[in-house]
Amino acid sequence: MKIGITNCAKYSNYDKWFQGIEDVQVIKLGHVLNNHHQVSQCAAVVLTGGEDVHPDYYNPEYITRLNPSGINKARDAFEWKVVEKVFEEKKPLLGICRGLQFVNVFLGGTLIYDIPAVTGNTEHAKIAEVDQRHSIRVEKNSLLYEATGLSAGEVNSAHHQSVDVAAADLEVIAHAGSIVEAMQWKHAEKQPWMLLVQWHPERMIDQENHLASLLRDEFLRISRKAI
C-alpha cells in the first residue's frame with residue numbers, strides 16, 4: 001500500500017512514523033519533484049506541517065505582518081493541486097498542523113495569522129525549539145473519538161497560527177480553549193474519510209499516546225480499505 005506524504009523541512013519525522021509497517025510504501029510528494037500526479041498511485045495522503053500558508057489564499061492584508069522566510073508559495077501552489085486531486089479521486093486524507101490549516105483555507109476558511117498577537121495566548125508555539133504540551137477536548141460524535149476512544153487527552157504543540165473562521169464544509173471536533181485542534185467533514189458520512197489535527201502525532205515522544213498511535217492506526221485501516 002502506497003501512502004503519499006507531502007515534503008517539508010521535517011519530512012523524515014513523517015517517513016519514520018510509517019517505517020516498519022510491512023505493507024506500507026511511502027511516496028514523497030513535493031513541488032521540487034512536481035509529482036502531484038502520483039496522488040493517483042496512493043491509497044491515501046498525509047499533508048504535513050511547516051511554513052505558513054500564504055495569506056493571499058485567505059487575507060492578503062496579513063502579508064505585511066508575517067515573516068516572508070516562513071512562507072513558501074511554490075509549496076502552497078503544489079499542495080493546492082495535491083488537495084484538488086485527493087478530493088477528485090476521493091482519497092483518505094490526514095492533515096497535520098499546517099495540513100489542517102491548509103485544508104481549511106482550501107475550502108474557504110480563514111486563519112488567525114499569529115495566535116499570541118491576536119489572542120495573547122502563548123501556550124501553543126515552541127519554547128526554545130521544544131514542543132509545548134497541553135490538553136484538548138474531543139467531541140464524542142467524531143472520527144477522532146471513534147479512532148481513539150478519548151474525549152480528552154494531551155498533545156504536543158508547535159504552531160503560531162490556527163483556524164479563525166472554519167470552512168463551511170468542516171466541523172470542529174476538538175479544541176484547546178478557543179483554539180481549534182481537530183476538524184473533519186461536516187457531513188462525514190457523505191465524504192471520503194478526512195481527519196485534520198493541529199498537533200504533531202508523528203513526533204510525539206509518547207507514541208503510546210492514543211492521540212498518536214491510534215490516530216495512525218485508524219488512518220492506515222481506512223487507507224487499506226480504500227485500495
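Tutor: Buried means under 20% relative accessible area, exposed over 50%, and partly exposed in between, using a 1.4 Å probe and protein chains only. This is a predicted model, where local features need pLDDT of at least 70 and side-chain atom pairs count only at pLDDT 80 or more, while totals for chains, interfaces and linings use all residues. Residues are numbered from 1 along each chain as its sequence is written, and side-chain values use heavy atoms, with hydrogens and water left out.

Student: Is Glu129 buried or exposed, then?

Tutor: Glu129 is exposed, at 65% relative accessibility. Lys126 is partly exposed at 26%.

Student: Which side chain does Glu129 meet in a salt bridge?

Tutor: A salt bridge is a side-chain nitrogen of Lys or Arg within 4 Å of a carboxyl oxygen of Asp or Glu. Glu129 pairs with Lys126 at 4.0 Å, N to O. The whole structure has 13 salt bridges, and one of them joins Arg224 to Asp23 at 2.7 Å. Arg224 is partly exposed at 36%, as is Asp23 at 31%.

Student: What about the nonpolar core?

Tutor: In soluble globular proteins, nonpolar side chains tend to be buried together. A nonpolar core is a set of buried Ala, Val, Leu, Ile, Met, Phe, Trp, Tyr and Cys residues joined through side-chain atoms within 4.5 Å. Here the largest has 36 residues, and those with the most contacts inside it include Phe18, Leu144 and Trp199. Apart from it lies another core, of 31 residues, among them Leu93 and Met194.
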